[in-house]
Each structure stands twice: as structure tokens, then as C-alpha cells.
Amino acid sequence: HSPPPPHEQTMVMSLQRPELGNEAFKRLIKLQCRLVGNESDETLQRDFAWAKAQAGRHVDAALVDAICHLAELCMQKAALERYADRKQPLVFMYNCTIGLPLYHAGKLMKEAEAFREDVLQPILGAGCSEVDRAAAVWKVCFHGAWQEQNARDWDGAQGGHITGAAQGYQASMLEDASIVDEYAARMGFDSYK
């Protein structure tokens, strides 16, 4: 089958709109969370670098770095908290006596909250709407981390797909995704440079 002659071809043009900042940051946060624990994955590194450059088209590098750091802290906290919840006897004993992942997760949570208040909030500025923006960024980072953690656990629950034990991970993952979508729209990065 050959293409129609030039005089019969119609011109199809696809105009792409520039990506809005909230979407760029939502993707960046998702990739930052996915990168935690997978730092040696070259594909993720490449995707993350691209997403960081796209987010940098909307705001300065200091804000991009701050949001990446906050997302990383949230993901480390979620991973430690989930690890602390493991019920295998030897892991449980280790967690209660030596590892103390729940204690470290609590420290990360305090660090993330302090970072939000001391670094992110001043970068976004003072004022009523900016406070809401910082809260929205926090929600996207926090729930984005839990969305990623639940996705990992759901993927790892091999037998749970058959028995239904993995359904809790999936339900939590979908709930977190809904919260991320809701608050991503409120981050306030939808402007063109």
C-alpha cells in the first residue's frame, strides 16, 4: 500500500502546548521518590535529570532542588516506616533492638517538616496564598512518597495478588494518587516563562 499522491494528501498539524509547571513538578516528585533506593538505575537517573530540567523551566534551581530534597526525605521516611512494619520474627527483633527504623522514620519526618517550614516556605514567599502553596507541595511530596512505597509493596506482593492480600497496597496507592492529583493542581507553578 503506497501513500496517496501529494495533491491528495492533507496536511495534519499537531500543535503541542507547553507543559504546565504543576504537571512538571508532579512528575519530578514522582521520579525523585522512585529514585530513592534505585540510585544505580541509569534509566531512572536519565529520566530524573530530564524531569528536573523541565521543572527548571518554570522556577529557579533553588526551588527545584528544595522540592527534590523534600520529596527524597518523604520517600526515605515512607520506606523506613514500611520496613518497620515487617512481621517476620528475625526482622521484627532486629527492628525492635538494633535497627529502630520507626525511630529513624520519625526523625526523617521531623527533618522534612522543619525543611518545609525553614526552607521551602521562605522560598515560596510569605503570604496567605504562598502558605497554601507550601502545604500543597508538602501533600504532593508526602503522598507521592507513599504512592511509590505502596506501588513497590504491591509489585512485591507476588502471592498476594492471588490471595487478595495485596489489595490493601493497591487501594492505598490509588488513594495516594488521588491526593497527589488534587494537591498538584494547587502548587502554583502553572505559568510560562
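Predicted model: local features only at pLDDT ≥ 70, side-chain atom pairs only at ≥ 80, totals over all residues.
Let me begin on one side of helix α8, where Q167, L174 and E175 are exposed; exposed means over 50% relative accessible area, buried under 20%, and partly exposed in between, with a 1.4 Å probe and protein chains only.

Residues are numbered from 1 along each chain as its sequence is written, and side-chain values use heavy atoms, with hydrogens and water left out.

To return to α8: the buried residues in this helix are M173, D176, A177, I179, V180, Y183 and A184. Viewed down the axis of α8, these buried residues fall within an arc of 165 degrees, so they line one face of the helix. The arc is taken from the directions from the helix axis to the C-beta atoms. The helix has 18 residues and spans 25 Å from its first C-alpha to its last, close to the 26 Å expected at 1.5 Å a residue; the expected span is 1.5 Å times one less than the number of residues.

Turning to the whole protein, we find eight helices and zero strands. Of its 193 residues, 38% are buried. The accessible surface comes to about 11600 Å², and 56% of that belongs to carbon and sulfur atoms; areas come from the Shrake-Rupley method with a 1.4 Å probe, and for residues only the protein chains shown count as cover. Contact means heavy atoms within 4.5 Å. Among contacts in the protein with a separation of 6 or more, 73% join residues 24 or more positions apart.

What, then, lies in the largest nonpolar core? It has 43 residues, and those with the most contacts inside it are F25, I67, L70, M187 and F189. By nonpolar core I mean a set of buried Ala, Val, Leu, Ile, Met, Phe, Trp, Tyr and Cys residues joined through side-chain atoms within 4.5 Å. Two or more residues each come from α1 (21-35), α2 (42-55), α3 (61-84), α5 (101-124), α6 and α8 (167-184). The largest share, eleven residues, is that of α3. In soluble globular proteins, nonpolar side chains tend to be buried together.

Beyond its neighbours within four places in sequence, I67 is in contact with F25, I29, L120, V137, C141 and F189. C74, in helix α3, counts as buried at 3% relative accessibility.

L28 belongs to helix α1 and is buried at 1% relative accessibility. Not counting residues up to four places away, L28 touches F48, A51, K52, A55, V64 and C68.

Finally, R133 lies in helix α6 (residues 128-156). A polar atom of the R133 side chain is 2.7 Å from the backbone oxygen of M187. Apart from residues up to four places away in sequence, R133 touches L124, R186, M187, G188 and F189.

Methods. Helix = DSSP H or I, 4+ residues; strand = E, 2+ residues; numbered from the N terminus. Polar contact = N/O pair within 3.5 Å; in protein donor to acceptor, adjacent residues only side chain to side chain.
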